[in-house]
Amino acid sequence: MIEAVGLPVTMTSKKLSEGHPNIIDFINDGTISGVVNTITGDQIPQKDGFHIRRAAAEKHIPCFTSLDTIRAAVEALATGSQIYTAQPLPDYRNRGPA
């Protein structure tokens with residue numbers, strides 16, 4: 001999905017026990033600009049996911065944990081617009097159907 005709109009993607013294992021380099025290494029050395037980290041349901045990946053999200057947060061790298069959210073972000077980036085607006089969630093809810 002991300003590559004389809006022309007954004008570069010490098011996939012790597014999120015299983016930290018598989019050795020180096022791993023996603024934490026890429027986060028720490030600054031070679032990535034965003035992380036997509038979705039849950040799998042197993043205990044070990046959930047523990048690794050915590051470390052991945054923490055490393056991304058510490059380096060101020062966006063970390064998406066929902067496919068819906070990354071889809072919206074990719075679509076926004078694909079339009080090329082640099083103008084964004086954000087409102088508090090209640091304001092969106094109070095607008096009613098579009």
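Colleague: What share of the residues in the protein chain is buried?
Modeller: Buried residues are 15% of the 98 residues in the chain. Buried here is under 20% relative accessible area, exposed is over 50%, and partly exposed is in between, with a 1.4 Å probe and protein chains only. Note that this is a predicted model, in which local features need pLDDT of at least 70 and side-chain atom pairs count only at pLDDT 80 or more, while totals for chains, interfaces and linings use all residues. Residues are numbered from 1 along each chain as its sequence is written, and side-chain values use heavy atoms, with hydrogens and water left out.

Colleague: How many helices and strands are there?
Modeller: The chain has four helices and two strands. Their order from the N terminus is α-β-α-β-α-α. Both kinds are DSSP runs numbered from the N terminus: helices are H or I with at least four residues, strands are E with at least two.

Colleague: Which residues make up the largest nonpolar core?
Modeller: Eight residues do: Ile23, Ile24, Ile27, Val35, Ile52, Ala55, Ala56 and Ile61. A nonpolar core is a set of buried Ala, Val, Leu, Ile, Met, Phe, Trp, Tyr and Cys residues joined through side-chain atoms within 4.5 Å. In soluble globular proteins, nonpolar side chains tend to be buried together.

Colleague: What does isoleucine 24 touch?
Modeller: Leaving out residues up to four places away in sequence, isoleucine 24 touches Leu16, His51, Ile52 and Ala55. A contact means heavy atoms within 4.5 Å.

Colleague: And threonine 12, which residues is that in contact with?
Modeller: Threonine 12 contacts Pro21, Asn22, Ile23 and Phe26, with neighbours within four places in sequence set aside. Threonine 12 is in the segment before α1 and is partly exposed at 33% relative accessible area. From threonine 12 to phenylalanine 26 the C-alpha distance is 9.3 Å, for 14 residues apart in sequence.

Colleague: Changing topic. What is the volume of the largest pocket?
Modeller: About 960 Å³. Of the 29 lining residues, Ile2, Val9, Thr10, Gly34 and Val36 are the closest to the centre of the pocket. On a 1 Å grid over the protein atoms alone, a pocket is an open set of points where a 1.4 Å probe fits, with protein on both sides within 12 Å along at least five of seven lines; lining residues have an atom within 4 Å of a point. Grid points are joined across faces, edges and corners, and the volume is the space filled by probe spheres set on the points.

Colleague: Which elements give two or more residues to that lining?
Modeller: α1 (23-29), β1 (35-36) and α3 (67-79). The largest share, five residues, is from α3. By class, the lining has 19 nonpolar, eight polar and two charged residues. Ala, Val, Leu, Ile, Met, Phe, Trp, Tyr, Cys and Pro count as nonpolar, Asp, Glu, Lys and Arg as charged, and the others, Gly among them, as polar.

Colleague: How many salt bridges does the count come to?
Modeller: Two, where a salt bridge is a side-chain nitrogen of Lys or Arg within 4 Å of a carboxyl oxygen of Asp or Glu. Glutamate 58 pairs with arginine 54, with the closest N and O atoms 2.9 Å apart. Aspartate 68 pairs with arginine 71, where the closest N and O atoms are 3.4 Å apart.

Colleague: Where do glutamate 58 and arginine 54 lie?
Modeller: Both are in helix α2, four residues apart, about one turn of the helix. Glutamate 58 is exposed at 52%, and arginine 54 is partly exposed at 49%. Aspartate 68 and arginine 71 are three residues apart in helix α3, so about one helical turn separates them.

Colleague: Last one, on the backbone. Is the peptide bond from histidine 20 to proline 21 cis or trans?
Modeller: That bond is cis, with omega near 0 degrees, and proline 21 sits in the segment before α1. Histidine 60 has a positive phi of about 60 degrees and is not a glycine. Histidine 60 is in the loop between α2 and β2 (63-64). Most residues other than glycine have a negative phi, and most peptide bonds are trans.
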